[in-house]
Amino acid sequence: MHNLTIKQMSEKLHAGEITSVQLTQHYLDRIAKFDAELNAYVTVTPELAMQMAQEADERFKAGTAELLTGIPVAHKDIFCTDGIKTSCSSKMLDNFIAPYDAHVVSQLKKVGMPILGKTNMDEFAMGSTSESSYYGPTKNPWDHKAVPGGSSGGAAAVIAAGLAPMATGTDTGGSIRQPAAFCGITGIKPTYGMVSRFGIVAYASSFDQAGPMTRSAEDAAWMLNAMAGFDERDSTSLQQEKPDFAASLGESLVGLKVGIPAEYFGEGLDPEVETIVKNAIAEIEKLGASTVPVSLPNKDLAVPSYYVLAPAEASSNLSRFDGVRFGYRCENPTDLQDMYQRSRGEGFGAEVKRRIMVGAYALSAGFYDAYYLKAQKLRRMVRDDFTKAFESCDVIMGPVAPSTAFNIGEKSDDQVSMYLSDLYTIPVNLAGLPGISVPAGFADNGRPVGLHIVGPYFSEAKLLNIGHQYQQVTDWHKQMPEQYQG
Amino acid sequence: MSLGKTEVEYISRLAAIEVKADEVDEVAAKLSNILDLFAQMQAADTDQVAPMAHPLDQVQRLRVDEITEQNQRDKLQSVAPAVEDHLYLVPQVIE
């Protein structure tokens, strides 16, 4: 059952060939069998999942089922889930039972999608490997020596291993697309504001954006339809009519102009990854698209700019973790300051502390202009590069990451080298544009490679259709590690 | 840029995060590496560029000043480390 597309699952559920109880139990059985090794789930919720599956089956009987009713989902542990532990993979929130649902969670509950559990991630979404989790690293299903990417590494791993048909993720600097590439699945970061941030534990609010992680672009389009939409509780939620992201699946790519930024194929890109990405672009050309050279000259300024701005926002957002209203509190504080300092010192992991400290420093008197303001100016330059590039093309294509998945432990002592590995995804977040990663092949080491497609604001449907058309003529997205096939 | 013990203590206070004495050197080294990355920004000429705070050119949405939320005090306080009579307990601040 785990090899079916979402569309096939939906058809079988509606035809009465399978029940949601059967489908959900199938995934729970697979989680029980495989997750001890992968460590992709932080929390599994079998009782809730089965109860929701039964309710979904009632809807099929009553004739009130929707397209995704009865299809189980896994939520990244950054989404608040009422009554379920929401840890953000941090000791700080190890004891936190969310008192309400994130908007995305309540949307998918309304549709009737049983919740399988919460997936592992980099602590507070700050990382590119999922190794900084308080609950230990997640393994890449394709190679247990490799990381799944991050921060939505658990989500990517559960899709790749068939431990959930769909998963939610969030992408602040590449945290949906990079793990999607590393695990050989499809993941889209929508335009900033397309999906409500309400109930998502905030990291960097002007970047954070949620999106679907699935096996195929078609599945992602269906899931994004359920996730997106205006929410008055998020002040940056886009107030506009929600597009139908699946409506243009099936449109021809004839005439599509693909921009190829020379800067994305330069020094530092693994030659094998380059070949695979170029082959994928050639395949898309065969479908009627043409390529044009474009330039993103300020690409190298994006990483330092992001690592000023995101930690600056984080230092503010994470000031709420003070040991007073929720989360970890140190033992026997001597006074209020001691309680703040030790609760935060003991509750946060090393990388989270680094980002809060560096963010606080960048915002402090004497450094604000040199760091924060400068970074905001570079943000505009990076955004303007894209605006100019889209004058001569419809979408931009390139690699998601400069290499295949790193080995576990490879980057843990050198955070700057880890930061630099996000060089292709970060510019997209700075600009607030949508971007998708679709599986494009495998390197000789057996690890997957993703094709990165970036479009202008609100071009999600186009990106999903390009991914879908590519997946009609390739089968990379159908591949599954051998040990998880049965 | 290389940070020393004094700067780390200052940043620790700014961020309200305890840095233990035996962690200071490592924290100083790693934060210094990140500041070296920041230094790359200085090469860019930004004199004519306006700062960009946000990806969307949107006006802040306003709403009618009406109470829309239910009181959920008990539920919200159920996750607090220490509560008494609906008040959050913290170490004594004023003698």
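Helix α11 of chain A (residues 350–362) crosses α1(B) at roughly 95°, and the two axes come within 9 Å of each other. That puts the pair in the roughly perpendicular class, because angles of 65 to 115 degrees count as such. Bear in mind that this is a predicted model.

Who touches whom at this crossing? From α11(A) come Ile356(A), Met357(A), Ala360(A) and Tyr361(A), and they meet Tyr10(B), Ile11(B), Leu14(B) and Ala15(B) of α1(B). By class, this contact has eight nonpolar residues, with no polar and no charged ones.

Now for a crossing inside chain B. Here α1(B) packs against α2(B) at an angle of about 85°, with the axes 10 Å apart. So α1(B) is roughly perpendicular to α2(B) as well. On the α1(B) side you'll find Lys5(B), Val8(B) and Ile11(B), while α2(B) brings Val24(B), Val27(B), Ala28(B) and Leu31(B). The class count for this contact is six nonpolar, no polar and one charged. Ile11(B) is worth a look on screen: it meets α2(B), and it also belongs to the α1(B) group that meets α11(A).

| Helix pair | Angle between axes | Distance between axes |
|---|---|---|
| α11(A) and α1(B) | roughly 95° | within 9 Å |
| α1(B) and α2(B) | about 85° | 10 Å |

Zooming out to the whole interface, chain B puts 50 residues into the contact and chain A puts in 69. Together the chains bury about 5,300 Å², and carbon and sulfur atoms give 66% of that. Which three residues supply more of chain B's buried area than any other three? They are Met41(B), Met52(B) and Arg61(B), which supply 14% of what chain B buries against chain A.

As for the polar side of things, 18 residue pairs are in polar contact between chain B and chain A, counting pairs with both residues at pLDDT 80 or more. Which helices of chain B take part in the side that touches chain A? α1 (5–15), α2 (24–39) and α3 (73–77) each supply at least two residues there. Of the elements of chain B, α2(B) gives the most, with eight residues. Sorted by class, that side of chain B has 34 nonpolar, nine polar and seven charged residues.

Salt bridges between the two chains number two. One of them joins Asp82(A) to Lys75(B), with the closest N and O atoms 3.0 Å apart.

Terms used. Residues are numbered from 1 along each chain as its sequence is written. Chains are lettered from A and ligands numbered from 1 in the order in which they are written. This is a predicted model: local features need pLDDT of at least 70, side-chain atom pairs count only at pLDDT 80 or more; totals for chains, interfaces and linings use all residues. Side-chain values use heavy atoms; hydrogens and water are left out. Contact means heavy atoms within 4.5 Å. Buried area is the accessible area (1.4 Å probe) that two parts lose on being put together, summed over both. A salt bridge is a side-chain nitrogen of Lys or Arg within 4 Å of a carboxyl oxygen of Asp or Glu. A polar contact is a pair of N or O atoms within 3.5 Å; within protein, one must be able to donate a hydrogen and the other to accept it, and residues adjacent in sequence count only if both atoms are side-chain atoms. Helices (H or I, at least four residues) and strands (E, at least two) are DSSP runs, numbered from the N terminus. Ala, Val, Leu, Ile, Met, Phe, Trp, Tyr, Cys and Pro count as nonpolar, Asp, Glu, Lys and Arg as charged, and the others, Gly among them, as polar. Axes are lines fitted to C-alpha atoms, for helices over the stretch in contact, and angles run from 0 to 180 degrees between N-to-C directions. Angles under 35 degrees count as roughly parallel, over 145 as roughly antiparallel, 65 to 115 as roughly perpendicular and the rest as oblique.
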